[in-house]
Amino acid sequence: MTNQNVMVSESKPTIGVKITVTLSNSSLFSKHITISRKKVLKKLDNEGGPKVHAWVDSMRDSSPTRVKSTDSLSETEEQSSWIAHHPSALDKFEEIVNASKGKKIVMFLDYDGTLAPIVEDPDRAFMTNEMREAVRDVAGYFPTAIVTGRCRDKVFSFVKLAGLYYAASHGMDIEGPSKSRKYKKGNQGVLFQPASEFLPMIDEVYKTLLEKTKSIPGAKVENNKFCLSVHFRCVDEKSWGTLAEEVRLVLNEYPKLKLTQGRKVLEIRPTIKWDKGRALEFLLEALGYANSKDVVPVYIGDDRTDEDAFKVLRNREQGFGILVSKVPKDTNASYSLQEPSEVNEFLRRLVDWKRSSLRQQ
Ligand SMILES: [Mg+2]
């Protein structure tokens with residue numbers, strides 16, 4: 001067994017982190033074997049590598065979180081095999097809309113890497129005007145929610161559309177659409193905040209992390225209200241160990257918080273059983289579709305945290321998960337799109353299809 005990667009992936013909320021070992025040279029794609037966290041950490045400790053090593057390995061693998069290829073397959077072969085299993089949502093557009101005929105589509109859209117490209121400075125992750133128009137038009141025909149790890153105020157400052165649901169802070173801060181174009185500040189319009197008791201703790205950890213990471217060039221701590229992001233996209237790889245160690249030391253003091261990971265970002269969240277998948281279920285229920293057979297939820301996202309939502313759709317055997325990725329990744333999504341510009345085209349085609357089907361009625 002060579003090239004073993006230890007990836008810290010989505011956690012069971014009450015346990016902390018789950019460790020997945022990727023066997024790189026085993027079959028068509030890597031086999032993911034989940035073993036107990038205790039076992040792996042004990043092994044790492046025995047080998048002289050504390051938990052932080054697993055984090056650093058995971059940070060290295062995090063962008064993109066691709067599945068490693070086998071020696072016998074070229075990258076092109078790997079790509080086409082992956083596409084066969086997760087075809088382009090544009091190529092299969094007819095299949096998607098045919099399955100949605102006579103049913104109610106509900107759109108769920110991640111923000112970073114889905115509606116806007118991933119950029120070095122997370123404060124400048126702007127979406128294009130074309131994308132904003134496409135999202136606005138989609139929301140005119142289908143209930144639409146932005147589901148993001150960002151805080152509500154921040155994502156609204158990017159999207160600037162009032163007629164949407166916003167499930168911010170990984171779904172821990174859900175707000176309904178407002179009628180006016182004016183954004184509701186404060187708690188007006190809030191539908192659900194399952195982690196409100198964690199606010200003082202998150203704030204405290206934010207301040208501590210700011211202090212502890214200020215000497216690491218490029219590290220950026222973002223306060224997403226109910227969760228925190230430690231961005232390491234601009235941190236030299238040599239300093240990743242130091243950064244992970246600082247985060248670990250802080251988190252040791254807060255057993256009610258857990259660490260998960262996205263694309264070049266460490267995410268700190270309350271250990272409650274809540275994620276983007278739960279937010280999707282909550283919103284379907286809020287819209288009156290909890291047990292409906294006539295609803296087609298479409299979720300588009302690019303990151304590990306979106307997998308919780310893809311899993312919900314798979315388990316419900318309802319709707320479509322669409323992963324935004326240029327490279328093969330292990331995913332529960334059914335379809336793929338390569339980048340935000342393809343998401344834009346998909347949304348645009350959905351609007352055109354809806355308009356023409358309404359004209360034919
Ligand atoms: Mg994303």
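A residue counts as buried if 20 or more other C-beta atoms lie within 10 Å of its own, as exposed if 12 or fewer do, and as partly exposed in between, with C-beta atoms placed from the backbone. The model is predicted: local features need pLDDT of at least 70, side-chain atom pairs count only at pLDDT 80 or more, and totals for chains, interfaces and linings use all residues. Residue numbers start from 1 along each chain as its sequence is written.

**View 1. Tyr141 in helix 5.** Tyr141 belongs to helix 5 (residues 129–141); helices (H or I, at least four residues) and strands (E, at least two) are DSSP runs, numbered from the N terminus. Tyr141 is partly exposed because 16 other C-beta atoms lie within 10 Å. Beyond its neighbours within four places in sequence, Tyr141 is in contact (C-beta atoms, placed from the backbone, within 7 Å) with Val351 and Lys354. Tyr141 and Lys354 are 213 residues apart along the chain, and their C-alpha atoms are separated by 7.5 Å.

**View 2. Helix 6 and its cover.** Six of the eight residues of helix 6 (residues 152–159) are buried. These are Arg152, Lys154, Val155, Phe156, Phe158 and Val159. Their cover includes helix 5, strand 5, strand 6 and strand 7 (173–175). Lys160, which follows helix 6, has a positive phi near 60°.

View 3. Eight strands run in the order 8-7-6-5-4-13-14-15, with mixed pairing; two strands pair if DSSP finds at least two bridges between them. Strand 8 (190–192) and strand 15 (335–337) are at the edges with a single partner strand each, so one side of each has no neighbour in the sheet.

**View 4. Strands 5 and 6.** Strand 5 (residues 144–147) pairs with strand 6 (residues 165–168) in the parallel sense over three bridges. Ile146 stands opposite Tyr166 in strand 6.

Methods:
Two residues are in contact if their C-beta atoms, placed from the backbone, lie within 7 Å.
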